[in-house]
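Please open the model in a viewer and keep the selection tool at hand.

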Amino acid sequence: MISSDIVIFGILAAILAVLFFLRERGGVWDRVFTFVPIVLLCYLLPSLLVSFGIIDTSESNLWGVAKDYFLPAALVLLTLSIDMKGIIGLGPKALIMFFTATIGIVLGGPLALWIVASIDPTILGEGENAAWRGFATLAGSWIGGGANQTAMLEVYGYNPERYAAMVAVDIVVANIWMAFLLYGAGMSTKIDKWLDADSSSIDRLRDTMADYSAQVERTPSSNDLIMLMGITFAAVGLSHFMAGFLSSFFENLFGTSDAVLASGFFWVVVISTTIGLTASFTRARSLEGVGASKFGTVFIFLLVAVIGTKMDIFQLGDAPLFMAVGMIWMLFHSALLLVVAKVIKAPFFFVAVGSKANVGGAASAPVVAGAFHPALAPVGVLLAVLGYALGTYGAILCAEMMRAVG
């Protein structure tokens with residue numbers, strides 16, 4: 001079992017290189033990547049290495065590097081040349097699907113717990129071991145993120161010794177759902193046809209970004225690339241610097257580090273996105289011509305590979321009743337999204353991004369959005385920030401409904 005972060009990162013980079021080399025060769029690989037999107041393979045292959053014990057990431061710091069360096073860098077680079085008018089022009093369906101995803105989590109939790117408890121009442125537990133207390137933390141994670149999850153653990157006082165089982169449900173179920181979404185991104189045209197959806201606004205934004213990139217594209221010099229990377233990582237550093245001040249301020253204001261606004265990661269996401277969006281209104285937008293979005297895509301794929309190492313499919317065997325609740329919960333969430341999308345004729349892009357803005361937050365929503373097109377990644381970020389804001393309120397509502405079931 002390989003546990004060295006340096007070696008593991010080399011293996012992940014090699015996997016990406018091999019997959020993109022095969023895609024470049026075309027031929028039979030075109031058909032392979034038609035049925036199994038390359039972004040899904042970039043995600044699944046690392047997870048299989050973990051599942052079969054080839055690599056061990058239990059003590060790894062790679063996720064911290066990916067979250068703190070790759071993600072904010074990608075947000076800056078991908079928003080640098082964004083067309084804000086185009087995002088606004090996506091219309092209300094994006095928000096409708098986002099709130100549908102939230103409602104699916106709020107209602108799905110008590111429904112799933114009721115179904116499993118009807119079969120085996122022993123799942124309910126009592127006192128600090130009550131299942132509804134544990135699933136309250138899951139609701140916090142699936143509507144907002146890690147900060148909301150921690151807040152729910154503190155608010156409802158779930159037994160910390162049993163908390164690991166909830167974390168396993170969170171990671172396994174959410175990542176299986178992410179795999180389905182990444183697969184769907186590769187066949188979104190067929191799904192949109194089934195949904196009878198009009199994806200013209202998404203296509204216009206994608207084409208506008210592609211046209212702008214073609215217009216300003218030039219052969220980059222070493223000066224251009226150093227300037228691009230210098231600006232990017234200066235923005236990453238500034239994001240962390242300001243996030244430290246803001247998170248400390250709100251921690252002192254609220255008297256707890258569990259509040260969303262006291263989360264340093266929340267502010268890193270908000271500030272790096274704001275820097276990129278602000279730069280898109282200046283001459284810095286021309287840096288798209290030397291490959292800003294291309295470098296952003298590289299960071300996104302590195303992020304995808306690292307996220308893949310967080311899932312061990314064999315954890316499905318741990319706490320089977322809890323896993324059953326998580327699976328039913330996510331099934332209800334996804335079914336509600338597809339029903340509403342069918343009714344309002346929303347493109348699958350809004351289904352996928354609306355869901356991951358809740359369930360995955362800022363760490364994976366831009367990954368799923370970027371699987372459709374790199375230019376669309378900021379849409380995932382903007383919706384994920386909204387998810388952070390609603391996470392605590394939605395989780396409390398869901399928890400109280402699960403308390404009634406318990």
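One cavity of 30 Å³ or more is counted in this predicted model. A cavity is, on a 1 Å grid over the protein atoms alone, a set of points where a 1.4 Å probe fits but cannot get out. Grid points are joined across faces, edges and corners, and a volume is the space filled by probe spheres set on the points. The largest cavity has a volume of about 30 Å³.

Two remarks on conventions apply throughout. Residues are numbered from 1 along each chain as its sequence is written, and side-chain values use heavy atoms, with hydrogens and water left out. Because the model is predicted, local features need pLDDT of at least 70 and side-chain atom pairs count only at pLDDT 80 or more, while totals for chains, interfaces and linings use all residues.

**The cavity lining**

Select Val-76, Leu-77, Leu-80, Leu-228, Ile-231, Thr-232 and Leu-287, which line the largest cavity; lining residues have an atom within 4 Å of a point. Helix 4 (62-79) and helix 12 (222-254) each supply at least two residues of this lining, and helix 12 gives the most, with three. Helices (H or I, at least four residues) are DSSP runs, numbered from the N terminus. By class, the lining has six nonpolar, one polar and no charged residues. Here Ala, Val, Leu, Ile, Met, Phe, Trp, Tyr, Cys and Pro count as nonpolar, Asp, Glu, Lys and Arg as charged, and the others, Gly among them, as polar.

**Ala-73**

Remain in helix 4 and select Ala-73. Is this residue buried or exposed? Ala-73 is buried, at 0% relative accessibility; buried means under 20% relative accessible area, and exposed over 50% (1.4 Å probe, protein chains only). Apart from residues up to four places away in sequence, Ala-73 touches Thr-232, Phe-233, Val-236 and Phe-299, where contact means heavy atoms within 4.5 Å.

**Aromatic pairs**

Next, display the aromatic rings: the whole structure holds 16 aromatic pairs. Rings of Phe, Tyr and Trp (its six-membered ring) pair if their centres lie within 6.5 Å, and planes over 60 degrees apart count as edge-to-face. Trp-132 and Tyr-156 are edge-to-face, because their ring centres are 5.4 Å apart and their planes stand at 80°. Trp-132 lies in helix 7 (residues 131-143) and Tyr-156 in helix 8 (residues 146-156), 24 residues apart. Trp-132 is buried at 7% relative accessibility, and Tyr-156 is buried at 6%.

Then select Phe-135 and Phe-322, an edge-to-face pair with 5.5 Å centre to centre and 80° between the planes. Phe-135 belongs to helix 7 and Phe-322 to helix 15, so this pair ties together parts that are 187 residues apart in sequence. Both residues are buried. Finally among the rings, ring pairs link Phe-9, Phe-70, Phe-233 and Phe-299 into a cluster.

**Thr-309**

Move to the loop between helix 14 (292-308) and helix 15 (320-344), where Thr-309 is found. Thr-309 is buried, with a relative accessible area of 6%. Its side chain reaches the backbone oxygen of Val-306 at 2.5 Å. Leaving aside neighbours within four places in sequence, Thr-309 is in contact with Leu-12, Pro-46, Val-50, Ile-55 and Thr-57.

**The largest pocket**

The last stop is the largest pocket, with a volume of about 790 Å³. A pocket is an open set with protein on both sides within 12 Å along at least five of seven lines. Of its 38 lining residues, select those closest to its centre: Ala-185, Gly-186, Ala-371, Phe-372 and His-373. Helix 14 contributes the largest share of the lining, six residues.

Notes
A polar contact is a pair of N or O atoms within 3.5 Å; within protein, one must be able to donate a hydrogen and the other to accept it, and residues adjacent in sequence count only if both atoms are side-chain atoms. Rings of Phe, Tyr and Trp (its six-membered ring) pair if their centres lie within 6.5 Å; planes under 30 degrees apart count as stacked, over 60 as edge-to-face and the rest as tilted.
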